[in-house]
Amino acid sequence: MRQRRYLQLDVFAARPGSGNPLGVILDSDGLDTTAMQALAAWLNLSETVFFLPPDAGANYRIRIFTPSSELPFAGHPSVGAAWAAVTRGLARPQDGRLIQQCAAGLLPVRVSGPEDAPTLLLASPPARQHPTAPDAVPEQLQALLAPGHSPELWDNGPRWWLLPARDAASVRALMPDMPAIADWSNATGATGVAVFAAEAGPDHALVTRAFCPADAADVPEDPVTGSANALIAAWLRQHGQLPKADGNYVVSQGREVGRDGRVQIAIDAQGSVWIGGQVQPVIAGQVHW
């Protein structure tokens with residue numbers, strides 16, 4: 001057991017308490033996979049990241065754990081980790097760029113603004129659509145679909161069913177049948193389902209809700225979800241439905257669970273999806289593990 005620097009961050013949050021919490025262990029040397037998993041379970045946050053020495057070609061390396069498993073990639077842990085790397089001096093951007101190493105590979109990060117409050121955009125792993133047929137879609141979700149569409153299974157590490165809804169009001173009002181969503185997710189090997197629709201808000205263009213009761217029974221609706229929103233951006237581009245022609249827009253997520261997160265999306269000329277948002281430091285201290 002030793003003392004390790006610890007942060008608890010609120011990611012995709014304009015103010016503390018409005019985003020998705022993240023645990024960050026800055027000193028992870030000496031911890032094996034079992035110890036990391038045990039600490040993530042004890043902290044009981046949706047995700048905890050552990051910093052480790054990077055391999056060649058990366059500025060820093062992280063491993064991402066939920067209370068029950070390790071993830072190859074997740075959006076809010078990656079954005080939060082980039083913020084921690086810059087603000088805690090673990091990595092120094094060169095020409096406004098960093099390279100993050102995680103189980104999904106080497107991911108570029110764009111950094112701008114002051115060192116103590118940087119603006120970050122991180123490239124999502126490539127989005128892949130699976131040919132899985134949307135069989136046995138829960139009746140409640142089937143009724144929510146936009147005309148002419150069906151759910152599609154997409155993957156960028158986590159695997160999400162993407163379900164375009166008929167309008168934003170129906171997304172906001174949805175009272176999800178979590179057992180049915182869990183059964184469907186388990187039957188199709190999915191993390192969960194992300195429901196979305198255009199919404200012309202004063203500071204956002206899209207509303208998303210992400211349900212993952214099979215993957216995270218304690219947090220069946222994720223407050224703010226980077227991986228799912230990155231996949232939705234790829235879906236919107238493929239279907240010619242991006243909210244803005246330049247591929248830059250903001251997503252609102254989390255109001256229905258008492259949060260109010262914002263995810264910044266940018267799609268570059270090569271079609272790569274970048275995700276970002278504000279990060280708020282909430283706790284700084286030490287853990288003994």
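Strand E15 covers residues 249–253, and four of its five residues are buried. This is a predicted model. E15 has partners in two other strands. Strand E13 (residues 206–211) runs parallel to E15, and two bridges join the pair. Within that pairing, leucine 206 has valine 251 of E15 as its bridge partner. Strand E16 (residues 261–267) pairs with E15 in the antiparallel sense, over five bridges. Here glutamine 253 stands opposite glycine 261 in E16.

**Salt bridges**

Side chains of opposite charge can pair when their charged atoms come close. The whole structure holds 13 salt bridges. Three of them are listed below.

| Salt bridge | N to O distance |
|---|---|
| Arginine 172 and glutamate 199 | 2.7 Å |
| Glutamate 256 and arginine 209 | 3.9 Å |
| Arginine 262 and aspartate 260 | 2.8 Å |

Start with the salt bridge between arginine 172 and glutamate 199. Arginine 172 lies in helix H4 (residues 168–173), while glutamate 199 sits in the loop between strand E12 (192–198) and E13, so the pair ties together parts 27 residues apart in sequence. Both arginine 172 and glutamate 199 are buried.

Next comes the salt bridge of glutamate 256 with arginine 209. Glutamate 256 belongs to the loop between E15 and E16, and arginine 209 to strand E13, so this pair ties together parts that are 47 residues apart in sequence. The strands E13 and E15 are also joined by their two bridges. Arginine 209 counts as buried, at 3% relative accessibility.

Arginine 262 forms its salt bridge with aspartate 260. At 16% relative accessibility, arginine 262 counts as buried. Salt bridges with shared partners also build one network, which joins Arg172, Glu199, Arg209, Glu221 and Glu256.

**Cysteines**

How many disulfides are there? The count comes to zero. Cysteine 102 is buried, with a relative accessible area of 9%. Cysteine 212 is buried too, with a relative accessible area of 5%.

Rolling a probe the size of a water molecule over the atoms shows where empty space is left. The largest pocket holds about 450 Å³ of space. It is lined by 30 residues, and the closest to its centre are Ser46, Glu47, Thr66, Asp215 and Ala216. Helix H2 (75–87) and helix H6 (226–238) are the elements that give two or more residues to this lining. H2 has the largest share, with three residues. By class, the lining of the largest pocket has 13 nonpolar, 13 polar and four charged residues.

The second largest pocket holds about 200 Å³ of space. Its lining has 16 residues, and those closest to the centre are Ala127, Ala234, Gly271, Ser272 and Val273. H6 and strand E17 (273–276) each supply at least two residues of this lining. Which element gives the most to the lining of the second largest pocket? H6 does, with six residues. This lining divides into 11 nonpolar, four polar and one charged.

Technical notes
Residues are numbered from 1 along each chain as its sequence is written. This is a predicted model: local features need pLDDT of at least 70, side-chain atom pairs count only at pLDDT 80 or more; totals for chains, interfaces and linings use all residues. Side-chain values use heavy atoms; hydrogens and water are left out. Buried means under 20% relative accessible area, exposed over 50%, partly exposed in between (1.4 Å probe, protein chains only). Two strands pair if DSSP finds at least two bridges between them. On a 1 Å grid over the protein atoms alone, a cavity is a set of points where a 1.4 Å probe fits but cannot get out, and a pocket is an open set with protein on both sides within 12 Å along at least five of seven lines; lining residues have an atom within 4 Å of a point. Grid points are joined across faces, edges and corners, and a volume is the space filled by probe spheres set on the points. Ala, Val, Leu, Ile, Met, Phe, Trp, Tyr, Cys and Pro count as nonpolar, Asp, Glu, Lys and Arg as charged, and the others, Gly among them, as polar. A disulfide is a pair of cysteine sulfur atoms within 2.5 Å. A salt bridge is a side-chain nitrogen of Lys or Arg within 4 Å of a carboxyl oxygen of Asp or Glu.
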